[in-house]
Amino acid sequence: MSGNKKILVLPGDGIGKEVMQEVLNIIDWMAKNKSIEFDISERLVGGAAYDQEGDSISDKTMEEAIKSDAVLFGAVGGSKWDNVERSKRPEAALLRLRKELDLFANLRPAVVFEALINSSSLKKDLVTDLDILILRELTSGVYFGKPRGIEKINAVEERAVDTQSYSTSEIHRIGKVAFDLAKLRSNKVTSVEKSNVMETGVLWRKVISDLHKKEYNKIKLDHMLADNCAMQLVRQPKQFDVILTDNLFGDLLSDIAAMLTGSLGMLPSASLGALDSNGKRSAMYEPVHGSAPDIAGQGKANPLAMIMSFAMMLKYSFGMNEDSKLIEQSVHNVLSKGLRTPDIKQSHEKAISTKEMGMAIIEELNILSGK
Ligand code: IPM
Ligand code: MG
């Protein structure tokens, strides 16, 4: 057995496969040029796994995920599987990975690249140098609360129930991650809930305030209602540093934040578990965008979110900060040179393909490392 880090690669469906290929090319480049070797295993997930293995994630794949040091995830889903029962649908694989690896902390940075400032839907001065981090709780709340289901009441009526639930310890552990991350950034946390109408919001606000008072009183803490936060994100996004929020609000707010940056195709994410007694934590890295069936197979996908998710893996799972920065720098440089996939190009600009963007990154890696 080699001592190499084990990465499980799950490309998934649609453009997931295309963007993952560009990361695999970077992994090859690192092996050849920097003698950095990973043990890579690749398996099916999502609709692809359902078609071949009868479930969107098999037990064998889950086992591999648990054994790996990090999981790289592409994207899942597509209308082909719309009528598959919920527990076997492509999205169920994602939820099972999150839950069984206990990936409670989802980091979704929204950073505006200078070169893409004109792709943002907001005016330039509102988003120049924008750098915010949405920290979304990922393993509880309404996504997992019980009871849930649809019951028949009578011949014409049915009743659907989802349960929003949070415990003190679940709020406490995500709160600690938020404050710790804020320390590495601009020392500001905005905690977001709906304590004006929801009990979970009341408990959330209390637990975060107590934690702040006891352990993090040097960090600036604001509380904000979720609807107001949605509005503030498009009104004055630079007021935020770390936005701490629950599973459902985090899902919504991170899509809004994504659009401020110009393209969903640019946003990476990391989902992290707790440190175990061996100092190891489970982790999964995936682009915020989905499988985009409408453009799949056409070479139109932007691989940069996937590539930057890989860079996040190097940083958060393996402490390889220099290599992580090298990849981020390549992305900056390639964009500054005007290279654009269709999702980030202005009408007068020429678009390049997924492959060409991947090759441009490799070329830039060569330049930056003097090859
Ligand atoms: C996300 C996605 C998922 C979610 C879906 C695909 C289950 O929207 O990661 O933001 O709702 O969490
Ligand atoms: Mg979402």
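Setting aside neighbours within four places in sequence, E18 has contacts (heavy atoms within 4.5 Å) with A296, G297, Q298, G299, K300, A301 and T354.

This is a predicted model, where local features need pLDDT of at least 70, side-chain atom pairs count only at pLDDT 80 or more, and totals for chains, interfaces and linings use all residues. Residues are numbered from 1 along each chain as its sequence is written, chains are lettered from A and ligands numbered from 1 in the order written, and side-chain values use heavy atoms, leaving out hydrogens and water.

E18 belongs to helix α1. Helices (H or I, at least four residues) and strands (E, at least two) are DSSP runs numbered from the N terminus. Now for β1, residues 5-12: 6 of its 8 residues are buried, so the rest of the structure largely encloses this strand. Its pairings (at least two DSSP bridges between strands) look like this:

| Partner of β1 | Bridges | Direction |
|---|---|---|
| β2 (residues 38-42) | 5 bridges | parallel |
| β3 (residues 70-75) | 5 bridges | parallel |

K6 has D39 as its bridge partner in β2, and G12 stands opposite A75 in β3.

Overall, the protein chain has 12 helices and 12 strands, and 51% of its 371 residues count as buried.

Notes: Buried < 20%, exposed > 50% of the residue type's maximum accessible area, 1.4 Å probe, protein only.
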